[in-house]
Amino acid sequence: MIVGTRGSKLALTQTKTVVKSLEEITGEKIEIKIIKTTGDKIKDSQLYNIDAKGIFTKELDEALKNNEIDFAVHSFKDLPSQLDPELTITATPPREKINEVLISKYSWDNLPENATIGTSSIRRQAFCIYQGKKITAKPIRGNIDTRIQKIKDGLYDGTIMAQAGINRLGLQDNISHIFDDNYLMPPAGQGALAVMTHKDSQYKKDIEQINHIPTQYETICEKTLLEKLGVGCQWPVGIVSKVTNDQIKAHSILLTPNGKLLADKTETGKMKNAKQIGEKLAESLVED
């Protein structure tokens, strides 16, 4: 088997975790093939200023369709809301933490007024404003190590990142604050991985063995919400869905880019109805 991945340290770390699990199951050696995506080539543009649909996945999708690779490992939140019809998410391994974290020499409570926060995410900016925090957002690019170094060099007062990536790279010592997931609400799929294959892949049965059922249904719910809203990463929308036993609870907040509340809704139901719950949640958000 050959797996395709982006070349960043985080992408490789995530892919190697999946590869290790699959090699233990199959007893086969899996080759890692690095594929550069459009998103990797953009150095100075904010993501919402460009066509962001599939920006980190398109080249990997093409490699899958051309049989250059047998599967691809993505951060779930990088997936476009509409998947290529020839491809499928064959497994979602156990999810990491979904929270957002502050990287700064300051704690969140002691952050100076109008502190410069490195972020290119309109969702993060909007949620900070919504929570009454006065910040000055300044675009930041680069991998996790680069961003952390920029904070240490004093180029920004802080930056906000996903805890999952920090944890996976063992960089937890840089965290000054972990946000409650209902305070600074994460995007759909945060902390989850998606293992993509061709729909008729001969390896589907092997790959399905690393699937984690609660993560699968949480991500189905969250991805459905985005599909139904049709906003991709262009609107500040956060969602937290959690499976407990056979139940799923999904909470979503939709904001304007300047942090005004448009809707705050919660839906609950059977885990197996995750898709319908995501649809219902999206409908209730836009009703307001």
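How many salt bridges does the count come to? In this predicted model, the count comes to 15 salt bridges, a salt bridge being a side-chain nitrogen of Lys or Arg within 4 Å of a carboxyl oxygen of Asp or Glu. Local features need pLDDT of at least 70, side-chain atom pairs count only at pLDDT 80 or more, and totals for chains, interfaces and linings use all residues. Residues are numbered from 1 along each chain as its sequence is written, and side-chain values use heavy atoms, with hydrogens and water left out.

**View A. Arg95 and Glu222 form a salt bridge.** The N to O distance is 2.8 Å. Arg95 belongs to the loop between strand E4 (87-91) and strand E5 (100-104), and Glu222 to helix H8 (residues 213-229), so the pair ties together parts 127 residues apart in sequence. Helices (H or I, at least four residues) and strands (E, at least two) are DSSP runs, numbered from the N terminus. Arg95 is buried at 17% relative accessible area, and Glu222 is buried at 1% (buried means under 20%, exposed over 50%, partly exposed in between; 1.4 Å probe, protein chains only).

**View B. Glu283 and Lys228 form a salt bridge.** Their closest N and O atoms are 3.7 Å apart. Glu283 lies in helix H9 (residues 274-287) and Lys228 in helix H8, so parts 55 residues apart in sequence are tied together. Glu283 is partly exposed at 37%, as is Lys228 at 46%.

**View C. Lys270 and Asp246 form a salt bridge.** The N to O distance is 3.1 Å. Lys270 is partly exposed at 39% relative accessibility, and Asp246 is partly exposed at 37%.
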